[in-house]
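Please have the sequence and the coordinates to hand.

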Amino acid sequence: MHHGGKPRNMGRDDGDDAMTLSQSIFAGNVSKLIRYINEQGYTCTFGEAWRTPEMAEIYAKRGTGIKRSLHCERRAIDLNLFLEGKYLTDGNAHKPFGDYWESLDPRNRWGGRFNDGNHYEMREAI
Ligand SMILES: [Zn+2]
């Protein structure tokens, strides 16, 4: 793999210590989130986590995503939420978990703030 000038580590997990650190904090917080979801009597499955830049571009053209998604930086995940085995399609069902997510780190944002209820991400700065 070519390691040229790289202002940002777009999803790679080799070489940028600060990015790797924030990616691992993100992963640890996702594990706390899932534990919390389960403690409240819900279950969840993984939707999309890491997204390739190529896929992000396709989504952007389709109008179903943005080109510079935090999914491309391993700092966003979509979770499918279930209660008693029933898939909850309403993004608002994620609200208590979105609130919990944002309490874990000041950089955390719940996608419900921008009409994407099953999306959880960690931003760069506060
Ligand atoms: Zn997402």
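Which residue takes a positive phi just after helix 1? Gly41 does, with a phi of about 90°. The model is a predicted one, in which local features need pLDDT of at least 70, side-chain atom pairs count only at pLDDT 80 or more, and totals for chains, interfaces and linings use all residues. Residues are numbered from 1 along each chain as its sequence is written.

**Overall organisation and confidence**

- The protein contains 3 helices and 5 strands, where helices (H or I, at least four residues) and strands (E, at least two) are DSSP runs numbered from the N terminus.
- Along the sequence these elements follow the pattern α-β-α-β-β-α-β-β.
- Of the 126 residues, 29% count as buried; a residue is buried if 20 or more other C-beta atoms lie within 10 Å of its own, exposed if 12 or fewer, and partly exposed in between, with C-beta atoms placed from the backbone.
- Among contacts with a separation of 6 or more, 52% join residues 24 or more positions apart; two residues are in contact if their C-beta atoms, placed from the backbone, lie within 7 Å.
- The mean pLDDT (the predictor's confidence in each residue, from 0 to 100) is 89, and 87% of the residues reach 70 or more.
- Over residues 1-7, pLDDT stays under 50, and the model has 1 contact beyond four places in sequence for this stretch.
- Where pLDDT is low, the predicted coordinates should not be read in detail.

**Strand pairing**

- Strand 1 (residues 42-46) and strand 2 (residues 76-83) run antiparallel and are joined by 5 bridges; strands pair if DSSP finds at least two bridges between them. Thr45 stands opposite Asn80 in strand 2.
- Strand 2 also pairs in the antiparallel sense with strand 5 (residues 119-122), over 3 bridges. Ala76 faces Glu121 of strand 5, and Ile77 has Tyr120 as its bridge partner there.
- With strand 3 (residues 86-87), strand 2 forms 2 antiparallel bridges, and Phe82 lies opposite Tyr87.
- Strands 2 and 3 form a hairpin with 2 residues between them, and Glu84 in the turn has a positive phi of about 50°.
- Strand 4 and strand 5 are antiparallel and share 3 bridges; Tyr120 is the bridge partner of Trp110.
- From strand 5, His119 and Glu121 point one way while Tyr120 and Met122 point the other way, and all are buried.

**Helix 1**

- The 23 residues of helix 1 (residues 17-39) should span 33 Å at 1.5 Å a residue, and the end C-alpha atoms are 33 Å apart, which agrees; the expected span is 1.5 Å times one less than the number of residues.
- Its buried residues are Met19, Ser22, Gln23, Phe26, Asn29, Val30, Leu33 and Ile37.
- The cover over these buried residues includes strand 1, strand 2, helix 3 (95-104), strand 4 (108-110) and strand 5.

**Helix 3**

- In helix 3, the buried residues are Phe97, Gly98 and Trp101. Down the helix axis they fall within an arc of 105°, so they line one face of helix 3; the arc is that of the directions from the helix axis to the C-beta atoms.
- Asp99 and Ser103 are exposed on the other side of helix 3.
- Helix 1, strand 4 and strand 5 are what the buried residues of helix 3 pack against.
- Leu104, also in helix 3, counts as partly exposed because it has 18 C-beta neighbours inside 10 Å.
- Leu104 touches Asn29 and Lys32, leaving aside residues up to four places away in sequence. Leu104 and Val30 are 74 residues apart in sequence and 9.6 Å apart in space, C-alpha to C-alpha.

**Nonpolar core**

- The largest nonpolar core has 15 residues, and those with the most contacts inside it are Leu33, Ile77, Leu79, Trp101 and Tyr120. Helix 1, strand 2, helix 3 and strand 5 are the elements that give two or more residues to this core.
- A nonpolar core is a set of buried Ala, Val, Leu, Ile, Met, Phe, Trp, Tyr and Cys residues joined through C-beta atoms within 7 Å.
- Leaving aside residues up to four places away in sequence, Trp101 touches Leu33, Asn108, Trp110 and Tyr120.
- In soluble globular proteins, nonpolar side chains tend to be buried together.
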